[in-house]
Amino acid sequence: MVKSVLITGCSSGIGLALAHGLRARGWRVFATARKAEDVVRLTDAGFPAVRLDLADSASIANAVEEVLAQTGGRLDALCNNGAYGQPGAVEDLRREVLREQFETNLFGTVELTNRVIPVMRRQGHGRIVQVSSLLGYVALPYRGAYTASKYALEGITDTLRLELAESGIHVVLIEPGPIESRFRANAFSAYQRNIDKTHSVHRQRYETMERRLTKPGPAVPFTLPAQAVLAAVRRALEARRPRTRYRVTLPATLFWYARRWLPDRWLDALLLRVAEGETK
């Protein structure tokens, strides 16, 4: 029987790479995107595409209903990839801006997952793959909203894994480092929309950050193409007993061990040096 997977955030980058890669491996891929024009593009590429906006509960409910109608009420896997980054110093993040970040990166993801879990419980198996980030376990300056949402995603995923331990449903975290995608372009749009640089004490830092976000090509060393995440997701979906976490890129692995073994002050110094290096 052909296995089915629902993937969020397939308009570009990691989500699009996962959609194409898993389809090539024989999965029936339901590719979702927030914008109608991206859904059309995915449909034209041959996917059963569905509009899904993680910030909209009605959109989540409709998407799940539409997918289950096409699968006869079954779903083998859910890959929660949809997310965006809101740059800005913590002291410049208005409450509504922080809430908007969490609506997509955490609240919508959990709501979608909770709609799928009963389906997987009934069928006695399933895979839930959460695409997190190395910023789910270390912090960098001016990424507080995104980092907080990913820390929260990791915490709730660890809890969910424990709660589903006897259900036949495996829950896995994917923790990529720097990956080629439209992430920086989308982050820059969110920054322009929500951060008042003119009246901020961080104005000079923001000007440097703008150059990084708009810089063509990879922003940092060791950046890998989006296909690098596919290998980890494939193992998470297809291994008989998948690991709880898969890290992607050298920085993700190095920071994981640094977080575990270095004292906080030493780690802070390392992370500040990394942040300074991004400005050169």
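Is Trp256 buried or exposed? Trp256 is buried, with a relative accessible area of 18%; here buried means under 20% relative accessible area, exposed means over 50%, and partly exposed lies in between, using a 1.4 Å probe and protein chains only. Before we go on, please note that this is a predicted model, in which local features need pLDDT of at least 70, side-chain atom pairs count only at pLDDT 80 or more, and totals for chains, interfaces and linings use all residues. Residues are numbered from 1 along each chain as its sequence is written, and side-chain values use heavy atoms, with hydrogens and water left out.

Tyr137 and Trp256 form an edge-to-face aromatic pair, with 5.2 Å from centre to centre and 90° between the planes. Rings of Phe, Tyr and Trp (its six-membered ring) pair if their centres lie within 6.5 Å; planes under 30 degrees apart count as stacked, over 60 as edge-to-face and the rest as tilted. This pair links distant parts of the chain, 119 residues apart: Tyr137 is in the loop between β5 (126-131) and α5, while Trp256 is in helix α9 (residues 250-261). These labels come from DSSP runs numbered from the N terminus, where helices are H or I with at least four residues and strands are E with at least two. Tyr137 counts as buried, at 5% relative accessibility.

The count comes to six aromatic pairs. In one of them, the rings of Phe102 and Phe107 have their centres 5.9 Å apart and their planes at 45°, so this pair is tilted. Phe102 is buried at 14% relative accessibility, whereas Phe107 is partly exposed at 40%. There is also an aromatic cluster formed by Tyr142, Phe188, Tyr191 and Tyr206.

Now turn to the helices. Two packed helices are described by the angle between their axes and the distance between the axes. Here the axes are lines fitted to C-alpha atoms over the stretch in contact, and angles run from 0 to 180 degrees between N-to-C directions. Helix α4 (residues 95-123) packs against helix α5 (residues 144-163) at about 20°, with the axes 9 Å apart. That makes α4 roughly parallel to α5, because angles under 35 degrees count as roughly parallel, over 145 as roughly antiparallel, 65 to 115 as roughly perpendicular and the rest as oblique. Among the residues that meet here are Phe102 in α4 and Leu153 in α5, where contact means heavy atoms within 4.5 Å.

Helix α1 (residues 13-24) and helix α8 (residues 227-238) give another arrangement: their axes come within 9 Å and cross at roughly 55°. That makes α1 oblique to α8. The contact includes Leu18 and Leu22 in α1 and Val233 and Leu237 in α8.

Finally, return to α9, the helix that holds Trp256. The axes of α9 and α10 come within 8 Å and cross at roughly 150°, which means that α9 is roughly antiparallel to α10. Phe255, Ala258 and Arg259 of α9 make this contact with Asp264, Leu267, Leu270, Leu271 and Val274 of α10. Leu262 sits in the loop between α9 and α10 (264-277) and is partly exposed, with a relative accessible area of 29%. Leaving aside neighbours within four places in sequence, Leu262 is in contact with Tyr257, Leu267 and Leu270.
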